[in-house]
Amino acid sequence: MNRKIDILDDLTINKIAAGEVVEAPYSVVKELVENAIDAGASTITLEIKDGGKKYIRITDNGAGIKEEYVEKAFMRHSTSKITNIDDLNNINSLGFRGEALASIAAVSQAEMITRPDEQQYGILIEITGGKTEIIRKVGCPVGTTIIIKNLFFNTPARLKFMKSNNAETMKITEIIIRLSLSNPGIAFKYINNNNIMFTTPGNNILSQAILSVFDKDTFKNLISLEQNELNMKLHGYIGQPSFVRGNRNLQIIYVNGRYVKNKLISKAIEEAYKEKIIINKHPVCILNLNIDPSLIDVNVHPAKTEVKFEAEEQIYDFIYKSIISALQQNTTIPNLIAVK
Ligand code: ADP
Ligand code: MG
């Protein structure tokens, strides 16, 4: 065999990589809102239209990107969050792979306006299918606005697999709720087809953020939980054993502020409820686990929603015991907040 071997060009590489990072509109929302959070924003607005297929806009008042780095930010493996492999042992940001902007821009029509505080003007950049079409100075407030139009317009296979507007909107709503609740210090606004779905106060009070995104019924059925162990802290809210769901969608778990899906944690939670709930039903929780970042590995999957723990048994026991104890104490959220 004498076939020619070539290295793929960047555009093709980005389009292929986009397959891993950008599954559907909700993944765009996740990556871009995480960027806004990493940029230290105190207000973040998400606007979507038609399930995010045609239009997603995210505006933040964070650090912005300096003129000289704007184009670079859209290149693959470009990040300001880590500089070498050792930094991976101590991740404090949500991003670090430097893939999101490059991947998203490769499969959409992207537009960004960004300005850091120290710069008197902003930069507008328009990228279509990974190619920069326009880059110029504009007047704008400090922070970043990014608009993603016509996702997957140049990848017909992916385009076909997008679900109905309603189904895609539901996934986006789930993501923005998780991100809002893991950052009660940030004021979020979520707009869908010109309707305001929710706004959170951004005053760092988790129960008020919960009240802003869920109905009163959910809110009234929550028990507060706060437990500390040597090098770990678990805090948040868990549902009354009588308040169960048919699925695990309302089991929201964060590890160091990052939403994760983790079998070990889910198992510990469900075991703690085992004797108290109806078979085949699932408890509800919004829990943050804080742990020394060097004891976990978040670089397991490109979407970064998986996490590996060094001391699995200790984590399991800690969570199990914390829940048992919170269920015994059964401290509900003060009425003061619930009357809003
Ligand atoms: P990562 O988040 O893994 O670093 P991204 O591709 O998501 O990779 O972003 C690349 C870089 O662009 C980031 O490291 C950051 O410096 C910059 N950036 C992206 N979005 C924003 C934003 N909303 N505000 C400020 N800087 C941003
Ligand atoms: Mg990112």
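Helices (H or I, at least four residues) and strands (E, at least two) are DSSP runs, numbered from the N terminus. Two strands pair if DSSP finds at least two bridges between them. Residues count from 1 along each chain as its sequence is written, with chains lettered from A and ligands numbered from 1 in the order in which they are written. The model is predicted: local features need pLDDT of at least 70 and side-chain atom pairs count only at pLDDT 80 or more, while totals for chains, interfaces and linings use all residues.

Colour by pLDDT, the predictor's confidence in each residue, from 0 to 100. The chain averages 90, and 96% of the residues score at least 70.

**The sheet.** Select the strands. An open sheet of 8 strands runs in the order β5-β4-β3-β6-β2-β1-β7-β8, with mixed pairing. β5 (131–138) and β8 (195–199) are at the edges with a single partner strand each, so one side of each has no neighbour in the sheet. From one strand to the next the twist averages 10°; angles run from 0 to 180 degrees between N-to-C directions, along lines fitted to C-alpha atoms, for helices over the stretch in contact.

Lys189 stands opposite Thr199 in β8. The β7–β8 hairpin has 2 residues between the strands, and Asn193 takes a positive phi near 45°.

**The core.** Which residues touch the most other members of the largest nonpolar core? Select Val29, Val33, Ile104, Ile176 and Ile238, from a core of 81 residues. Such a core is a set of buried Ala, Val, Leu, Ile, Met, Phe, Trp, Tyr and Cys residues joined through C-beta atoms within 7 Å; buried means that 20 or more other C-beta atoms, placed from the backbone, lie within 10 Å of the residue's own. Helix α2 (residues 25–38) gives the most to this core, 7 residues.

**The domains.** Colour domain 1 (10–199) and domain 2 (215–338) separately; the bounds come from an automatic or database domain assignment. Their centres, taken over C-alpha atoms, are 28 Å apart. In contact (C-beta atoms, placed from the backbone, within 7 Å) are 14 residues of domain 1 and 12 residues of domain 2. On the side of domain 1 that touches domain 2, α1 (10–21) and α6 each supply at least two residues, and α6 gives the most, with 4 residues.

How values were computed:
Buried ≥ 20, exposed ≤ 12 C-beta atoms within 10 Å, placed from the backbone. Contact = placed C-beta atoms within 7 Å.
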